[in-house]
Amino acid sequence: MSVRTSRINSRIGGGSRYDVQAAGAGRPGRVLPWLLCAALLAGWTPNAVRAQEGRAAPEARQSWHIAAGPLAPALRQFASGANLLLTFTADQTSGKTTRGLQGEYAVPEALAQLLAGTGLSAEPLPRGGYVLRPVPRAEPAQLAPISVTANQLGEITDGTGSYTTGALATATRLVLTPRETPQSVSVVTRQEMEDFNLTSIDDVMAHMPGVNIVTYDSERTEYYSRGFAIQNFQYDGIPMMRDSAYSAGNTLSDMAIYDRVEVLRGATGLLNGSGYPGATINLIRKKPTYDFQGHITGGAGTRDNYRGELDVSGPLNKNGTVRGRAVAAHQDKHSHLDHYERQTDVFYGIVEMDVAENTMLTLGADYQNNDPTGSTWGGIPIYDVNGNFNKRSRSFNNGARWSTWEQYTRTVFGTLEHYFDNEWIAKLQLNHQINGYDAALGAAASGNPDPADGSGIGMWTGKYVGKTRSNAADLYASGPFQLFGRRHELVVGGSINKRTWTNKGYGPEAGYDTSVGDYYDWDGNVPEPDWQYSYGNREVTRERGAYLTSRFNLRDDLKLITGARVSDYKGESIKESGVVVPLVGLIYDLHNNVSVYGSYSGIFMPQSKQDEQGQTIDPLEGNNYEVGIKGAFFANRLNASLAYFRLEQDNYGEESGGTTPSGGVAYRAVDGVETKGYELELAGALTPRWDLHASFTHKVARQDGDKVDTLSPENQFRLYTTYELSGAFDGLTVGGGARWMDKTWGDVSYPPNGGTIKHTVDDYWVVDAMASYRFNDRLTASLKVNNLLDEEYYTIFSWYSTYTWGEPRNVDLSLTYRF
């Protein structure tokens with residue numbers, strides 16, 4: 001049995017490296033004086049060395065980014081970064097893994113985090129350094145509690161109790177803290193979801209800074225950020241483009257299977273390739289745990305809303321080299337809308353396998369069905385035929401009783417990760433995803449009603465059946481390198497994606513009566529037509545690209561992040577090759593907790609519009625310029641940010657007044673939307689018992705000097721907070737939240753003159769409240785009240801000239817048992 005010692009040989013004017021050597025080749029007694037000299041030259045003192053005259057030196061804290069994986073290379077990386085002597089045997093670490101380390105820690109607590117759950121502890125040596133010892137069987141209490149876990153997607157938030165994350169990788173594939181990321185990124189964690197019963201992605205987006213929700217109908221919502229609709233989604237970092245016209249599950253995602261949701265605002269082309277510049281939503285799935293755990297939750301709410309959830313996770317073999325997790329959820333949700341109901345079924349399974357000491361294979365699948373009845377299509381006409389506001393009750397449903405927009409997702413995915421001894425990591429991700437829909441729709445939505453007799457309204461009818469099949473692969477390598485005596489980081493990768501959309505459209509049989517007699521007596525009780533096939537679609541989109549990101553450690557307090565992606569895009573009538581999408585960011589640490597930054601990022605979206613010569617105009621380009629200040633406090637348990645941004649769109653297709661050679665409408669490329677604004681956010685813990693997530697966003701979007709994106713407010717405020725009581729109220733957590741939306745407006749049809757008119761929606765507040773009581777370590781009851789003050793508010797969709805009421809006050813009560 002050989003003993004391995006990881007140590008640092010620091011050299012003046014050079015970098016640093018770690019050596020692995022046999023015991024006795026470098027005894028602590030010989031190595032320590034040399035380490036002390038190196039430490040003095042470097043301006044620091046090892047933690048084991050105490051200050052003179054009997055006074056204890058304070059434990060220095062430093063930022064760590066060590067990925068989850070095999071234990072031995074993680075310990076070597078730690079010893080290298082901490083400049084300390086760490087002794088262990090090969091047998092001690094064989095087959096063991098670590099949950100990783102993200103955030104700021106002193107050496108002792110950092111070692112405790114790395115070794116948590118391994119059965120090992122770090123014992124300090126009298127002359128400095130540490131040696132690993134097995135934790136005695138009689139002293140299980142010495143095991144460090146699990147507080148954070150991490151992987152190459154960032155820090156896992158499940159089980160941390162936190163409203164923020166220590167690290168994320170959505171922006172660059174580099175695993176960085178929010179303060180180290182030179183772009184605006186927000187996270188809604190597992191704890192925030194559980195505290196406020198955020199079971200759907202719409203619920204999460206209502207908490208997300210800088211994002212606004214516009215409701216089209218009961219099954220479709222659109223999210224907006226910085227003047228643009230968000231169509232870019234990621235699942236564990238794998239891009240997926242959403243088509244909101246043929247909605248297929250993205251905005252109905254159930255949160256039972258996700259650890260957290262991240263939103264990266266601005267242009268995000270480095271990893272996405274094509275898309276729109278508003279933002280990218282990244283949903284990070286739950287991961288298996290090293291210890292057996294699980295919960296079962298049952299809940300009931302106002303208007304016959306019932307939900308059950310089961311989540312089980314843990315090792316699948318004796319030594320924990322195979323781990324799994326399974327999640328299932330079912331919800332039967334009725335609504336404030338008349339004759340409306342939606343059933344949702346969710347299943348998720350994932351297995352992690354340590355196939356070798358430094359290699360991990362992950363396989364998983366998820367499944368979700370959303371099956372509604374009484375689906376609306378469009379909303380309520382804003383005006384009646386006389387030009388008065390057409391106020392209907394909040395329970396009014398324009399959908400026929402048979403109307404439905406079923407949406408579903410099916411995903412299988414695999415990941416292979418290898419951890420090299422030189423601290424480099426290679427990762428291959430494969431993803432096959434189906435997003436489908438089966439919509440047979442009928443709604444009293446056409447026209448404007450006459451208050452005298454209820455006439456003037458007809459039905460929209462249509463049936464649409466289709467799906468998008470997406471196959472994606474992403475391969476990258478990431479790790480440190482030395483240059484000019486400093487340690488830097490590099491990511492090199494490439495991705496390929498193929499999306500195939502198929503659709504069949506149907507209309508009602510000839511002679512089907514779409515008239516609505518008296519609109520004010522509408523109850524949706526009309527017969528469903530026999531559907532006749534009308535048309536079909538099939539579109540194939542292929543994308544591939546190579547990307548590179550570097551993080552240069554220019555000084556201890558100055559970091560430069562540079563990156564670029566070279567993309568090829570091919571659609572049915574579009575082909576773009578060699579499109580370069582850049583990213584540049586600079587971060588300067590004012591001190592240990594606060595940084596200032598500036599960044600530029602881009603994205604592109606090919607378009608099929610042609611000019612008068614028949615040439616396809618250049619792709620839309622989104623360019624995001626951003627400066628800001630970020631802070632991380634209380635060992636990264638509280639993150640704060642203030643950002644000012646300017647987002648510009650180029651090559652917007654404007655009608656030129658001419659025609660193409662084939663006789664079509666010709667376009668020319670002009671400057672598009674420009675958005676300016678600022679965002680403030682505070683997320684995390686103010687005290688060990690007090691969590692909050694607060695934000696304020698201001699933006700103004702203009703095109704040719706005119707304001708656009710006016711369906712999303714120029715100003716938004718959100719505050720959600722919880723406090724865990726103590727003493728006589730130990731076990732009780734209370735909290736609440738509020739969101740304020742500034743006025744919105746849009747040009748909508750105006751029946752009296754057959755033209756349009758500006759319709760303004762007043763600003764409004766929505767207040768929520770929650771309370772939970774922990775009976776013991778296993779059983780917790782939770783109460784959530786949405787729209788506590790029963791605020792009547794609505795949003796408009798100017799394209800349809802319709803409005804949709806917000807949900808009235810409702811209450812949810814749930815009981816969770818953990819095992």
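Of the 32 residues that make up the largest nonpolar core, Val204, Met205, Val261, Ile281 and Leu283 touch the most other members. At least two residues of this core come from each of α6 (201-207), β16 (232-235), β18 (258-265), β19 (279-285), β22 (322-334) and β23 (341-356). Please keep in mind that this is a predicted model.

**Cores**
- Ile281, one of the residues touching the most other core members, is in contact with Ile201, Met205, Tyr223, Ile230, Asn232, Phe233, Gln234, Val261, Glu262 and Val263, leaving aside neighbours within four places in sequence.

**A buried serine in a loop**
- Ser712 sits in the loop between β40 (706-708) and β41 (715-724).
- Ser712 counts as buried because its relative accessibility is 4%, and buried means under 20%.
- The side chains of Ser712 and Asp709 are joined by a polar contact of 2.6 Å.
- Beyond its neighbours within four places in sequence, Ser712 is in contact with Asn212, Tyr224, Lys699 and Thr744.

**A nonpolar surface patch**
- Tyr588, Leu590, Val627, Ile629, Leu642, Tyr644, Tyr678 and Leu680 make a nonpolar surface patch of about 660 Å².
- Two or more residues of the patch come from each of β34 (620-633), β35 (638-650) and β38 (674-687).
- Leu590, one of the patch residues, lies in the loop between β32 (575-589) and β33 (594-605).
- With 47% relative accessibility, Leu590 counts as partly exposed.

Methods:
Residues are numbered from 1 along each chain as its sequence is written. This is a predicted model: local features need pLDDT of at least 70, side-chain atom pairs count only at pLDDT 80 or more; totals for chains, interfaces and linings use all residues. Side-chain values use heavy atoms; hydrogens and water are left out. Patches are made of residues with over 30% relative accessible area and no salt bridge: like charges are joined within 9 Å, nonpolar side chains (Val, Leu, Ile, Met, Phe, Trp, Tyr) within 5 Å. Accessible areas come from the Shrake-Rupley method with a 1.4 Å probe; for residues, only the protein chains shown count as cover. A salt bridge is a side-chain nitrogen of Lys or Arg within 4 Å of a carboxyl oxygen of Asp or Glu. Helices (H or I, at least four residues) and strands (E, at least two) are DSSP runs, numbered from the N terminus. Buried means under 20% relative accessible area, exposed over 50%, partly exposed in between (1.4 Å probe, protein chains only). A nonpolar core is a set of buried Ala, Val, Leu, Ile, Met, Phe, Trp, Tyr and Cys residues joined through side-chain atoms within 4.5 Å. Contact means heavy atoms within 4.5 Å. A polar contact is a pair of N or O atoms within 3.5 Å; within protein, one must be able to donate a hydrogen and the other to accept it, and residues adjacent in sequence count only if both atoms are side-chain atoms.
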